[in-house]
Amino acid sequence: MYDDHIKKAYFAAGCFWGVEYYFENFKGVISAISGYMGGIIPNPSYQMVCTGLTGHLEVVEITYDEKFVSYEELVKHFFEIHDFSQTNGQGPDIGTQYLSGIFYDNDDEREVCEKIICFLENKGFKVATKLYSMVPFYKAEDYHQDYYERHRKVPYCHSYNKIF
(Lines give C-alpha, C1' and ligand atoms only; values in the text may rest on other atoms or scores of the structure.)
Protein backbone atom coordinates (compact mmCIF):
# COMPACT_ATOMS: atom_id res chain seq x y z
CA MET A 1 0.00 0.00 0.00
CA TYR A 2 1.40 3.38 -0.99
CA ASP A 3 1.05 6.25 1.45
CA ASP A 4 0.75 9.60 -0.33
CA HIS A 5 2.40 11.34 2.62
CA ILE A 6 5.65 9.37 2.14
CA LYS A 7 7.94 11.45 -0.12
CA LYS A 8 11.53 11.54 -1.33
CA ALA A 9 14.04 14.40 -1.45
CA TYR A 10 17.55 14.43 -2.95
CA PHE A 11 20.45 16.43 -1.53
CA ALA A 12 24.11 16.73 -2.54
CA ALA A 13 26.31 18.34 0.12
CA GLY A 14 29.76 16.88 -0.29
CA CYS A 15 30.63 13.37 0.84
CA PHE A 16 27.37 11.48 1.17
CA TRP A 17 28.46 9.81 4.42
CA GLY A 18 28.09 13.04 6.39
CA VAL A 19 24.82 14.02 4.71
CA GLU A 20 23.38 10.59 5.47
CA TYR A 21 24.59 10.88 9.09
CA TYR A 22 22.83 14.20 9.69
CA PHE A 23 19.57 13.16 8.02
CA GLU A 24 19.16 9.64 9.42
CA ASN A 25 17.96 10.81 12.81
CA PHE A 26 16.16 13.96 11.70
CA LYS A 27 12.47 14.07 12.61
CA GLY A 28 10.19 12.52 10.02
CA VAL A 29 13.01 10.90 8.03
CA ILE A 30 12.38 7.23 7.33
CA SER A 31 15.63 6.48 5.49
CA ALA A 32 18.73 8.12 4.03
CA ILE A 33 20.43 6.28 1.17
CA SER A 34 23.76 7.28 -0.37
CA GLY A 35 24.01 7.37 -4.15
CA TYR A 36 24.76 9.30 -7.31
CA MET A 37 22.78 11.69 -9.53
CA GLY A 38 23.25 14.05 -12.42
CA GLY A 39 25.82 12.30 -14.53
CA ILE A 40 25.99 10.87 -18.00
CA ILE A 41 26.57 7.19 -17.18
CA PRO A 42 23.80 4.91 -15.88
CA ASN A 43 24.60 2.96 -12.69
CA PRO A 44 28.06 4.43 -12.11
CA SER A 45 30.51 2.94 -9.65
CA TYR A 46 32.22 4.97 -6.92
CA GLN A 47 35.51 4.63 -8.79
CA MET A 48 33.92 6.07 -11.94
CA VAL A 49 32.34 8.99 -10.06
CA CYS A 50 35.64 9.80 -8.32
CA THR A 51 37.30 10.46 -11.69
CA GLY A 52 35.14 13.58 -11.98
CA LEU A 53 34.40 12.64 -15.58
CA THR A 54 30.88 11.21 -15.16
CA GLY A 55 29.21 14.43 -13.99
CA HIS A 56 27.57 12.72 -11.02
CA LEU A 57 27.22 14.29 -7.59
CA GLU A 58 27.30 12.27 -4.38
CA VAL A 59 23.66 12.49 -3.29
CA VAL A 60 21.54 11.23 -0.43
CA GLU A 61 18.00 10.07 -1.13
CA ILE A 62 15.81 11.04 1.82
CA THR A 63 12.55 9.16 2.29
CA TYR A 64 10.37 11.11 4.70
CA ASP A 65 6.88 11.30 6.13
CA GLU A 66 5.17 14.59 5.31
CA LYS A 67 2.98 14.16 8.38
CA PHE A 68 6.05 14.81 10.53
CA VAL A 69 8.38 17.00 8.47
CA SER A 70 7.91 19.32 5.51
CA TYR A 71 10.09 19.55 2.43
CA GLU A 72 10.98 23.09 3.51
CA GLU A 73 12.25 21.84 6.88
CA LEU A 74 14.43 19.27 5.10
CA VAL A 75 15.87 21.95 2.80
CA LYS A 76 16.65 24.18 5.78
CA HIS A 77 18.35 21.25 7.54
CA PHE A 78 20.38 20.59 4.37
CA PHE A 79 21.73 24.16 4.46
CA GLU A 80 22.57 23.83 8.17
CA ILE A 81 24.74 20.70 7.80
CA HIS A 82 27.29 21.79 5.20
CA ASP A 83 29.19 24.78 3.84
CA PHE A 84 26.87 25.77 1.01
CA SER A 85 29.22 28.62 0.05
CA GLN A 86 32.09 26.34 -0.97
CA THR A 87 32.38 26.22 -4.76
CA ASN A 88 34.91 23.41 -5.27
CA GLY A 89 33.71 20.61 -2.98
CA GLN A 90 33.06 20.25 0.72
CA GLY A 91 35.70 20.78 3.36
CA PRO A 92 38.83 18.86 2.38
CA ASP A 93 36.91 16.85 -0.24
CA ILE A 94 37.59 18.67 -3.50
CA GLY A 95 36.01 17.71 -6.80
CA THR A 96 32.86 18.00 -8.85
CA GLN A 97 31.26 14.98 -7.17
CA TYR A 98 31.29 16.90 -3.85
CA LEU A 99 29.45 20.02 -5.00
CA SER A 100 26.35 21.33 -3.23
CA GLY A 101 23.06 20.74 -5.03
CA ILE A 102 19.39 19.91 -4.67
CA PHE A 103 17.44 17.80 -7.15
CA TYR A 104 13.80 18.94 -7.14
CA ASP A 105 10.85 16.93 -8.41
CA ASN A 106 8.32 19.67 -9.16
CA ASP A 107 7.74 23.43 -9.26
CA ASP A 108 6.65 23.54 -5.61
CA GLU A 109 9.96 22.01 -4.47
CA ARG A 110 11.94 24.32 -6.77
CA GLU A 111 10.11 27.35 -5.35
CA VAL A 112 10.83 26.25 -1.77
CA CYS A 113 14.54 25.95 -2.62
CA GLU A 114 14.61 29.32 -4.38
CA LYS A 115 12.85 30.98 -1.43
CA ILE A 116 15.38 29.61 1.06
CA ILE A 117 18.35 30.51 -1.14
CA CYS A 118 16.95 34.04 -1.48
CA PHE A 119 16.57 34.24 2.32
CA LEU A 120 20.20 33.16 2.79
CA GLU A 121 21.49 35.62 0.20
CA ASN A 122 19.49 38.44 1.82
CA LYS A 123 21.23 37.53 5.11
CA GLY A 124 24.59 38.05 3.36
CA PHE A 125 25.47 34.43 2.67
CA LYS A 126 27.08 33.42 -0.62
CA VAL A 127 25.20 30.36 -1.89
CA ALA A 128 27.03 28.01 -4.27
CA THR A 129 24.25 25.39 -4.15
CA LYS A 130 22.83 24.57 -7.59
CA LEU A 131 19.27 23.45 -8.28
CA TYR A 132 18.67 20.59 -10.71
CA SER A 133 15.50 19.05 -12.07
CA MET A 134 14.96 15.39 -11.19
CA VAL A 135 17.09 12.75 -12.91
CA PRO A 136 17.62 9.07 -12.03
CA PHE A 137 19.11 8.23 -8.64
CA TYR A 138 21.63 5.38 -8.50
CA LYS A 139 22.19 3.77 -5.11
CA ALA A 140 25.84 3.66 -4.07
CA GLU A 141 27.64 0.45 -3.18
CA ASP A 142 26.64 -1.23 0.09
CA TYR A 143 29.92 -0.31 1.80
CA HIS A 144 28.90 3.36 1.54
CA GLN A 145 25.56 2.90 3.32
CA ASP A 146 25.42 3.87 7.03
CA TYR A 147 29.17 4.42 6.93
CA TYR A 148 29.56 6.45 10.13
CA GLU A 149 27.16 4.26 12.08
CA ARG A 150 28.98 1.07 11.05
CA HIS A 151 32.42 2.55 11.83
CA ARG A 152 31.31 4.33 15.03
CA LYS A 153 32.69 7.63 13.79
CA VAL A 154 31.39 11.14 13.20
CA PRO A 155 31.66 13.27 10.04
CA TYR A 156 34.93 15.08 9.44
CA CYS A 157 33.69 17.58 6.85
CA HIS A 158 30.10 18.17 7.99
CA SER A 159 28.79 19.81 11.12
CA TYR A 160 25.52 21.31 12.24
CA ASN A 161 25.28 25.12 12.18
CA LYS A 162 21.93 26.61 13.25
CA ILE A 163 20.79 29.24 10.72
CA PHE A 164 16.99 29.17 10.66
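Start by selecting Asn43, which lies in the loop between β2 and α2 (46-50). The model on screen is a predicted one. Asn43 is exposed, because its relative accessible area is 61% and the cut-off for exposed is over 50%. Look at its backbone too: phi of Asn43 is near 50°, a positive value in a residue other than glycine. Most residues other than glycine have a negative phi.

Now select Pro42, in the loop between β2 and α2. Pro42 is exposed, with a relative accessible area of 55%. Pro42 and Gly52 are 10 residues apart along the chain, and their C-alpha atoms are separated by 15 Å.

**The sheet**

Next, show the strands. The order β7-β6-β1-β3-β2-β8 describes an open sheet of 6 strands with mixed pairing. Which strands stand at the edges? They are β7 (130-133) and β8 (137-139); each has a single partner strand, so one side of each is left without a neighbour in the sheet. On average, neighbouring strands of this sheet are turned by 35° against each other, direction ignored.

Colour helix α1 (residues 16-24), which packs on the sheet and touches β1 (6-13), β2 (29-37) and β3 (57-65). The direction of α1 makes about 165° with that of β2.

Strands of a sheet pair through backbone hydrogen bonds, either parallel or antiparallel. Strand β6 (residues 100-104) lets you see both kinds of pairing. With β7, β6 pairs in the parallel sense over 4 bridges; select Ile102 and you will find it opposite Leu131 in β7. With β1, β6 pairs in the antiparallel sense over 4 bridges, and here Ala13 stands opposite Ser100 in β6.

Stay on β6 and show its side chains. Are the faces of β6 covered or open? Both are covered: Ser100, Ile102 and Tyr104 are buried on one side, and Gly101 and Phe103 are buried on the other. Since 5 of the 5 residues of β6 are buried, this strand is largely enclosed by the rest of the structure.

Move to α3 (71-80). This helix is mostly covered, with 7 of its 10 residues buried. To see them, select Tyr71, Leu74, Val75, His77, Phe78, Phe79 and Glu80. What covers these buried residues? The cover includes β1, α1, β2, β3, β6 and α4.

Now display α3 together with helix α4 (residues 107-122); their axes come within 10 Å and cross at roughly 40°. That angle makes α3 oblique to α4. The crossing of α3 past α4 is right-handed. On the α3 side, the contact is made by Tyr71, Glu72, Val75, Lys76 and Phe79. On the α4 side, select Glu109, Val112, Cys113, Lys115, Ile116, Ile117 and Leu120.

**Last stop: His82**

Finally, select His82, in the loop between α3 and β4 (89-90). Is His82 buried or exposed? His82 counts as buried because its relative accessibility is 7%, and buried means under 20%. A polar atom of the His82 side chain lies 2.8 Å from the backbone oxygen of Phe78. Leaving aside neighbours within four places in sequence, His82 is in contact with Ala13, Gln90, Ser100, Thr129, His158 and Ser159.

Notes. Residues numbered from 1 in each chain as written. Predicted model: local features only at pLDDT ≥ 70, side-chain atom pairs only at ≥ 80, totals over all residues. Heavy atoms only, no water. Helix = DSSP H or I, 4+ residues; strand = E, 2+ residues; numbered from the N terminus. Buried < 20%, exposed > 50% of the residue type's maximum accessible area, 1.4 Å probe, protein only. Polar contact = N/O pair within 3.5 Å; in protein donor to acceptor, adjacent residues only side chain to side chain. Contact = heavy atoms within 4.5 Å. Pairing = 2+ DSSP bridges. Axes fitted to C-alpha atoms, helices over the stretch in contact; angles between N-to-C directions. Parallel < 35°, antiparallel > 145°, perpendicular 65-115°, else oblique. Left-handed = near helix turned anticlockwise from the far one by under 90°.
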